[in-house]
Amino acid sequence: MAAKRFHVASPADLASLAEFAKDGKESIGRMVSVWTATMRRKGETRWDRAIYAGFCGTRRRDAEIVRISADGNIVYVGTLQYNKALNWCEQHLRQVFD
């Protein structure tokens with residue numbers, strides 16, 4: 001199975017994904033809080049286009065949430081339960097192809 005990547009478009013989507021976190025649940029929760037507060041103040045944030053859920057279907061079956069930092073680096077946020085998170089993403093998020 002090839003790698004899949006889904007765009008997390010809102011803090012509510014990120015909060016829903018946090019339910020499937022294996023580790024990094026606290027950092028995901030902080031991101032949701034900061035993202036929500038910034039959206040309330042400014043309306044649009046840099047994070048609206050910078051947070052993704054990635055799935056690698058190799059033998060290890062890795063699933064993680066990452067964000068693109070201001071300088072373009074990929075920052076690891078947390079890992080997810082592969083099957084549950086993938087099913088949720090396929091139903092609720094937009095898959096990114098590039």
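Author: A disulfide is a pair of cysteine sulfur atoms within 2.5 Å. Welcome to this predicted model, where local features need pLDDT of at least 70, side-chain atom pairs count only at pLDDT 80 or more, and totals for chains, interfaces and linings use all residues. Residues are numbered from 1 along each chain as its sequence is written, and side-chain values use heavy atoms, with hydrogens and water left out.

Reader: How do you know how many disulfides the structure holds?
Author: By that cut-off, the structure holds 0 disulfides. For C56, the nearest cysteine sulfur is that of C89, 15 Å away, and C56 is in no disulfide. C89 is likewise in no disulfide, its nearest cysteine sulfur being that of C56.

Reader: What makes C89 buried or exposed?
Author: Buried means under 20% relative accessible area, exposed over 50%, and partly exposed in between (1.4 Å probe, protein chains only). C89 has 0% relative accessibility, so C89 counts as buried.

Reader: And why is C56 called partly exposed?
Author: Because its relative accessible area is 29%, C56 is partly exposed.

Reader: How do you know that β3 and β4 pair?
Author: Strands (E, at least two residues) are DSSP runs, numbered from the N terminus, and two of them pair if DSSP finds at least two bridges between them. β3 and strand β4 (residues 62-68) have 6 bridges, in the antiparallel sense.

Reader: What makes β1 a partner of β3?
Author: Strand β1 (residues 4-7) and strand β3 (residues 51-56) share 4 bridges and pair in the antiparallel sense. Here F6 stands opposite A53 in β3.
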